[in-house]
Amino acid sequence: MYLPLFMTEAVIYSFMRGDKMEIIIIFMLWLHYLATIMWIGGMAFNILVLRPSMVAIDQNQRPVLGTAVLKRFVIFAWLSIAVLVLTGIPIAFSRVVIEDIFSTTYGIVLLSKHFVTLIMILIVAWVSFVLSKKLASFAPKPNTILILVRTNLFLGILVLLLTAILKGV
């Protein structure tokens, strides 16, 4: 049985697939995608653009900038996580019934996606509440945080792959 929590009469019909999507689910998908872009895109920007560009500034200023960026980004990461959880639950229940979670390809891929996302959240929690608290603004940024951000970026890309698989099953 589908979760009727967000069932309205406002729908958009898909002529290609012959189904309909409720406007509230479309809005939640939009928020879900924005939060995904903010979190995974922010990590990609940090690893692929910001860190390599830091060679242009004084070596003593790099840890100061790195710490400031980390503190600010963690806020946006947690905001993204909150939006992903709040929108992801109704989106998931609009697509699969609880009884089918373990018995369908869609349910198994969805659970896999959520498991990887949970690992990502635990990494953010570790960086937010353990590692970043140990950083002084004058101390060099430890490689541990860089490794964790790279790991989270890889896991985020894996989540995007699992999302693409969900679209096909």
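Trainee: Is the crossing in which α1 passes α3 left-handed or right-handed?
Mentor: This is a predicted model, in which local features need pLDDT of at least 70 and side-chain atom pairs count only at pLDDT 80 or more, while totals for chains, interfaces and linings use all residues. Residues are numbered from 1 along each chain as its sequence is written, and side-chain values use heavy atoms, with hydrogens and water left out. Helices are DSSP runs of H or I with at least four residues, and strands are runs of E with at least two, numbered from the N terminus. A crossing is left-handed if the near helix is turned anticlockwise from the far one by less than a right angle, and right-handed if clockwise, and α1 passes α3 in a crossing that is left-handed.

Trainee: Which residues of α1 make the contact with α3?
Mentor: Contact here means heavy atoms within 4.5 Å. On the α3 side the contact is made by K113, T117, M120, I121 and V124, and on the α1 side by H32, W39 and M43.

Trainee: At what angle do α1 and α3 pack?
Mentor: Axes are lines fitted to C-alpha atoms, for helices over the stretch in contact, and angles run from 0 to 180 degrees between N-to-C directions. The axes of α1 and α3 lie 14 Å apart, and the helices pack at an angle of about 55 degrees.

Trainee: How far apart are the end C-alpha atoms of α1?
Mentor: The expected span is 1.5 Å times one less than the number of residues. The 31 residues of α1 (residues 23-53) should therefore span 45 Å, which agrees with the distance between its end C-alpha atoms, 42 Å.

Trainee: Where does α1 bend?
Mentor: The bend at a residue is the angle between axes fitted to the seven residues ending there and the seven starting there. In α1 the bend is about 40 degrees, and its position is N46.

Trainee: How are α3 and α4 oriented to each other?
Mentor: The axes of α3 and α4 (residues 143-168) come within 9 Å and cross at roughly 160 degrees. Angles under 35 degrees count as roughly parallel, over 145 as roughly antiparallel, 65 to 115 as roughly perpendicular and the rest as oblique. The two helices, α3 and α4, are therefore roughly antiparallel.

Trainee: Which residues of α2 meet α3?
Mentor: The axes of α2 (residues 62-95) and α3 (residues 105-131) come within 11 Å and cross at roughly 160 degrees. From α3, the residues in the contact include Y106, L110 and H114. Those of α2 are L70, V74, A77, W78, I81, A92 and R95.
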